[in-house]
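Good morning, and thank you for making time for this item. I would ask you to keep the sequence and the structure in view while I go through them.

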Amino acid sequence: MKEFIKIIDKILDRSRLEPASRCWIWIGQKQRQGYGKLYIGSHRYMLAHRAAYWAFCGDLPPDLDVLHRCDVPACVNPNHLWLGTQADNNRDMMGKGRASCLRGAAHGRAKLTEEQVRNIRETTAALRPGRTRIRSAGTYSQEEFARLYGVSPRAIDKVLRRENWRVTP
């Protein structure tokens, strides 16, 4: 019981009320992703929002995650927390438009545009499997496309095999 009270005290001591959102923002140590860390021993820690749910709401089944209604990783307000599965968390993320499923040219590491991908596929459509070049048909080899677009031959190969840019025709 003493440890339980200590955890509640730590949560209240290391959080500050954000008046507009009513979030209790964790001001203690945090992970890189913004989730609070609450030490419960000399070398063990628990995520602060999980500790807050456990301290204020009760049991934490091992197969369930503690999710945020407010979408603020540093929030430890028990009224903003709920239990759910990883699937619930994914549905919540998708429903709120927080998924980072950027595809095609919108992806931050994309080096080609959709127009370039279509051009590569249309130009090489005449190529037979295993054949790299038909100069008379006006097509290019993967190496030539790679030089032309400033990418590696492997990137061109992935475009042609639809390992990358699957949704682009």
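Predicted model: local features only at pLDDT ≥ 70, side-chain atom pairs only at ≥ 80, totals over all residues.

Asp92 counts as buried, because its relative accessibility is 16% and the limit for that class is under 20%. Setting aside residues up to four places away in sequence, Asp92 touches His68, Asp71, Trp82 and Arg98.

Asp71 is not a glycine, yet its phi is positive, at about 60°. It belongs to the loop that links strand 5 (65–68) with strand 6 (81–84). Is Asp71 buried, exposed or partly exposed? With a relative accessibility of 29%, Asp71 counts as partly exposed.

Let me now step back to the overall layout. The protein has 6 helices and 6 strands. Read from the N terminus, the order of elements is α-β-β-β-β-α-β-β-α-α-α-α. Of its 169 residues, 30% count as buried. Among contacts with a separation of 6 or more, 41% join residues 24 or more positions apart.

I turn next to the nonpolar cores. The largest of them contains 16 residues, and those with the most contacts inside it are Ile7, Ile11, Trp26, Leu38, Ala51 and Val76. Helix 1 (2–13) and helix 2 each contribute at least two residues to this core. Which helix gives the most? That is helix 2, with 5 residues.

Helix 2 itself covers residues 48–57, and its buried residues are Ala48, His49, Ala51, Ala52, Tyr53 and Ala55. After this helix comes Gly58, which has a positive phi, near 125°.

Is Lys37 buried or exposed? Lys37 is buried, since its relative accessible area is 15% and the class requires under 20%. Beyond residues up to four places away in sequence, Lys37 touches Trp26, Gln29, Lys30, Gln31, Tyr45, Met46 and Ala48. Lys37 and Ala51 are 14 residues apart along the chain, and their C-alpha atoms are separated by 9.1 Å.

We come now to the helices toward the end of the chain. Helix 4 (residues 114–123) packs with helix 6 (residues 153–160) at an angle of about 75°, the axes being 10 Å apart. How are these two helices oriented to each other? Angles of 65 to 115 degrees count as roughly perpendicular, and helix 4 and helix 6 are therefore roughly perpendicular to each other. Val117, Ile120 and Arg121 of helix 4 make the contact with Ile156, Val159 and Leu160 of helix 6. Sorted by class, the contact comprises 5 nonpolar residues, no polar residues and 1 charged residue.

Which residues of helix 6 are buried? They are Ile156, Asp157 and Val159. These residues lie on the same side of helix 6, because they cover an arc of only 160° around the axis. An α-helix has 3.6 residues a turn, so residues three or four places apart point the same way. The buried residues of helix 6 pack against helix 4 and also against helix 5 (142–149).

Ala146 counts as buried, its relative accessibility being 4%. Once its neighbours within four places in sequence are left aside, Ala146 is in contact with Val151, Ser152, Pro153 and Ile156. Ala146 and Asp157 lie 11 residues apart in sequence and 9.4 Å apart in space, C-alpha to C-alpha.

Arg162 has a positive phi of about 60°, although it is not a glycine. At 38% relative accessibility, Arg162 counts as partly exposed.

That concludes my presentation, and I thank you for your attention.

Notes:
Residues numbered from 1 in each chain as written. Heavy atoms only, no water. Buried < 20%, exposed > 50% of the residue type's maximum accessible area, 1.4 Å probe, protein only. Helix = DSSP H or I, 4+ residues; strand = E, 2+ residues; numbered from the N terminus. Core = buried A, V, L, I, M, F, W, Y, C linked by side-chain atoms within 4.5 Å. Axes fitted to C-alpha atoms, helices over the stretch in contact; angles between N-to-C directions. Parallel < 35°, antiparallel > 145°, perpendicular 65-115°, else oblique. Contact = heavy atoms within 4.5 Å. Nonpolar A, V, L, I, M, F, W, Y, C, P; charged D, E, K, R; others polar. Arc of directions from axis to C-beta.
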